[in-house]
Amino acid sequence: MILRNGPIYTMDPRLPRVAALSIAGGRIAGGVDVREGDADTVGHERVDLDGRCVLPGFTDSHVHFLDWAIERSRLDLGPAESLAEALRAVGAVAAGEGWLLGHGWLAARWPDGSPSAARLDEVTGERPAALWAHDHHTLWVNSAAMVATGVRSPDGIFQEWDAWRFPLPAPAHAEKMRAVRDGMAEANARGVVGVHDKQARGGREIWQRMDADRRLRLRVSMSMPLDSLPAARELELRTGFGSHLLRVGPMKAFMDGTLGSSTAWMLDGSGDQLLSRDELEAGIRAAARAGLGIAVHAIGDGANRSALDAFERTRDAWEDALIRPRIEHAQCLDPADVPRFAELGVIASMQPAMIASDRDVADERWGPRAAEAAFRIADLFDSGAHVIFGSDAPIEPLDPLSSITAAVHRTLDDREAWHPDQRIPVADAVQAHTAAAAFAVGDERWRGCLLPGHAADLVVLDTDVIAHPERLSQAQVVATMLDGRWVHGAPPW
């Protein structure tokens, strides 16, 4: 197959753009330059791009895939601008049986009060209801839910471990399988060919079943929670083990909470410390001995410093094990800690779309210091750090174009750019969803770029976003190819 007549960006600085692209089976056979003659002389099937843009397929480097897939069909309170709006939305669907489950509320922008079990009871009655906050670190339940589970709090609000351990009903296996299948199709429609799945519980069996049945339409690196390290070690699992589509990823650890739930661990002592530096050090060493990587959730500047300290003190262990450590979010950083990512070789796994949802929280709750420290994407790039992008779906939409737009323009709506000095070039933002994401899981030699011998994973856009970053917010995915197969929008177009 030959793709031609449109801009094709390889994401490799040695050959950033080619005039045509040759694909043989599941691999890139070559980038054809106009100086080499007419591409019609090569191959059989020819696809006329008609000016459309080709990039390597996107990877979402931080997603809770099963949670996102399931929640796509549940009540979304994200649009609610007030407590009253949220309660009206809940009341509109409160009739019925079984649990009422939803997500997306953000109390920080509500001018008329805070969530409570009593207010939720007013619209739900005796039907158990449980609603995840936008950041999934706070759970709001009604009295019926607390009666049904025997787990109570004075106001129906649970945070961090208490929220995650609340015994919500699990979806049936058939529902999960259907949700993941439909979720893969939606991800492909957004140009996504790979995910780094940070699902805490559940989902790994589904990925394995789909891989075995040849129904997997994504390249998946699946993490495991740090508390499952003894079991993983007993089974002799190692990071990188698996097939060409499904791999064992790193262990996932939590240092703190989030900005939205006021539980991010800051250097001023505020927030929640979920793991001490010593505990993380022990976990890193134990994982490294077993050949397992570590990805650490750290949002506050205190959590990020503690995580960096732990990686520095255990550098001998993870370097010997050839592990690429990463900090998930790296959201608030003290200036002194920014260069440490590059110095230590710690990957910064960031979610630019959160700029739009967290900017008000950062400004209002932590003041100028924390706001200026949040999402220091340009500073990290300038320091030489390895930066990758994801969505943290279901917290933000699984949509790399939205993520790229946020990183380039520092806004996703009609507001002015937030700390515009932290904007980055569009090519850097695309690389963070492609070549850099492949590097993070050790796959940089065979995917992430459109080079001969690399996997034929690509996305076709209707707009040349590299040449015209001002058109990012209007750009649309036309087609997506995984391993040489069209998984969305096969031509002709």
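A residue is termed buried when its relative accessible area is under 20%, exposed when over 50% and partly exposed in between (1.4 Å probe, protein chains only). By this criterion His 62 is buried, with a relative accessible area of 0%. The model is predicted, so that local features need pLDDT of at least 70 and side-chain atom pairs count only at pLDDT 80 or more, whereas totals for chains, interfaces and linings use all residues. Residues are numbered from 1 along each chain as its sequence is written, and side-chain values use heavy atoms, with hydrogens and water left out.

His 62 is located in strand β6 (residues 58-63); strands (E, at least two residues) and helices (H or I, at least four) are DSSP runs numbered from the N terminus. Beyond four places in sequence, the contacts of His 62 include His 196, Lys 252, Glu 328 and Asp 392, contact being heavy atoms within 4.5 Å.

Salt bridges, defined by a side-chain nitrogen of Lys or Arg within 4 Å of a carboxyl oxygen of Asp or Glu, number 31. Arg 219 and Asp 457 form one of them, with the closest N and O atoms 2.6 Å apart. Arg 219 lies in strand β13 (residues 219-225) and Asp 457 in the loop between α17 (435-440) and β19 (458-461), so the pair ties together parts 238 residues apart in sequence. Arg 219 is buried at 3% relative accessible area, and Asp 457 is buried at 6%.

A salt bridge also joins Asp 309 to Arg 340 (2.8 Å between the closest N and O atoms). Asp 309 belongs to helix α10 (residues 301-313) and Arg 340 to helix α12 (residues 340-344), 31 residues apart. Asp 309 is partly exposed at 21%, while Arg 340 is buried at 11%.
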